[in-house]
Amino acid sequence: MMKFAAVLLTFNLVTQPLFSQKTIRDESQVVSYVLPDLLKTRSGKMVRTKRDWEKTRRPELLSLFSENVYGKTPSEKVPMRFVQYDADSNALGGQAIRKQVTVYFGKKGERSMDILLYFPRNVKGSVPVFLGLNFAGNQVVHQDPGITITKRWVRDGVAPVIVEHRATEASRGSQAGDWVVEDILARGYGLATVFCGDLQPDRPDSFNEGVHSLFFKEGQNMPQSDEWGAIGAWAWGLSRAMDYLETDKMVDATKVAVIGHSRLGKAALWAGAQDQRFAMVVSNNSGEGGAAITRRKFGETIEIINKAFPHWFSGNYKQFGGREDALPVDYHELIALIAPRPVYIASASEDWWADPKGEYLSGYYASPAYALYGSEGLSTPELPETNRPTGAGKIGYHLRKGGHTMNRYDWQQYLHFADKWLRR
Ligand code: GTR
């Protein structure tokens, strides 16, 4: 998923004037910066209690992220209908129960998303569930021939897996390494996943094809500057998937962890920040516009991300390219919006583009919000060594050795963390 960014970066390095800032990939080039004070309201009052936080600062931060970063999520409810079209109580060689559910949105079901669910077969009663969006259709998470292959437009991927933006049979299980379904089930968790392209295809000209159009006023075909972009729509879809999970007796809806990798990690964080029904949030290599502190300007920047992916954020976010210091928030405040719920942030050592240190620091600087609840966050600004998970409290972190991906090592840490916080 780095392809486009890498091309853009090469371009950037060769033709610097395209961007106003030099790309930083060396810690010594990071200049000092001042973060917005997490515990100070816009009117200058200090937040001292969780009541102050919940009544004043948390809503204020949510509005600031909505208006300036991701765009406002519509508050109107759309009619929804859940249709389960598949059930297999003997899936994955007998290890799993599989279900597939279509969620129809709108009076006439104009838009829809498919949820693929796996549950451990040997567990009685409801189970905690990991919920995450995938990049190329539900069939990529496992070879299982029972999964419906998406017919929708897919952004990336090479033949024979994806041909002319359509998924083929060969795409089954093509991202299974990101999901390790059997491991998740063996630990007693369920998994629910949705293709992000069901909500909005990941390209700039697709606002009419996704859920945005359900909320457009007569004659409108683009979001307004303060309205949501694709990340907003993906996050909204996660909340709608949660609406379904609340109705499924096999799910313990009080123990749903929302998870995502990279651009979908940004969506998971934004979903977790807005929707407090998510009991835990996992950000895997979410980088710029996700967990990374943007004022560090390390790797990808606001200017670069808005040029490469103009549809991800609100129109207003474009104003902050090259002007990080003018942004009224930084991303430690996004993490803090998850408090006091457990959050896990993961980076990878070779993923400098996503700024591992900036991702770690957002956890560290979010810690005072956890302290308001008597919960521990991260206690040192020092980035831990590779493959040494850290955080005894409600903020977990690791720097995995390797590149930009989500893999079995990452999942082992998420499952440990979930055992600690969701199983009590
Ligand atoms: C890159 C983008 C990152 C990250 C990544 C991904 O091209 O620059 O912000 O989201 O894509 O989603 O894999």
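Select F215 first. Its relative accessibility is 9%, so F215 counts as buried (buried means under 20% relative accessible area, exposed over 50%, partly exposed in between, with a 1.4 Å probe and protein chains only). This is a predicted model, in which local features need pLDDT of at least 70, side-chain atom pairs count only at pLDDT 80 or more, and totals for chains, interfaces and linings use all residues. Residues are numbered from 1 along each chain as its sequence is written, and side-chain values use heavy atoms, with hydrogens and water left out.

**Aromatic pairs**

At 3% relative accessibility, W228 counts as buried. The ring centres of F215 and W228 lie 5.5 Å apart and the planes are at 75°, so this pair is edge-to-face. (Rings of Phe, Tyr and Trp, the last by its six-membered ring, pair if their centres lie within 6.5 Å; planes under 30 degrees apart are stacked, over 60 edge-to-face, the rest tilted.)

Go to F309 and W312. Their ring centres are 3.7 Å apart with planes at 5°, so they are stacked. Both F309 and W312 are buried.

How many aromatic pairs are in the whole structure? A search finds 21. Next, select F130, W179, Y189, Y344, W411, Y414 and F417: they form one aromatic cluster.

Stay on Y189 and show R423. The charged end of R423 sits over the Y189 ring, 4.5 Å from its centre. (Here NZ of Lys or CZ of Arg must be within 6 Å of the ring centre and within 35 degrees of the ring normal.) Likewise, R203 lies over the face of W153, 4.7 Å from the ring centre.

**The nonpolar core**

Select F130, W234 and L245. Within the largest nonpolar core, of 123 residues, these touch the most other members. (A nonpolar core is a set of buried Ala, Val, Leu, Ile, Met, Phe, Trp, Tyr and Cys residues joined through side-chain atoms within 4.5 Å.) Helix α5, residues 230–245, gives the most to this core: eleven residues. (Helices are DSSP runs of H or I, at least four residues; strands are runs of E, at least two; numbering starts at the N terminus.)

**Strand β11**

Finish at residues 395–400. Is strand β11 enclosed or open? Six of its six residues are buried, so β11 is largely enclosed by the rest of the structure. I395, Y397 and L399 cover one side; G396, H398 and R400 are on the other.

Show β10, residues 343–348. β10 and β11 run parallel, joined by six bridges (strands pair if DSSP finds at least two bridges between them). I345 has Y397 as its bridge partner in β11.
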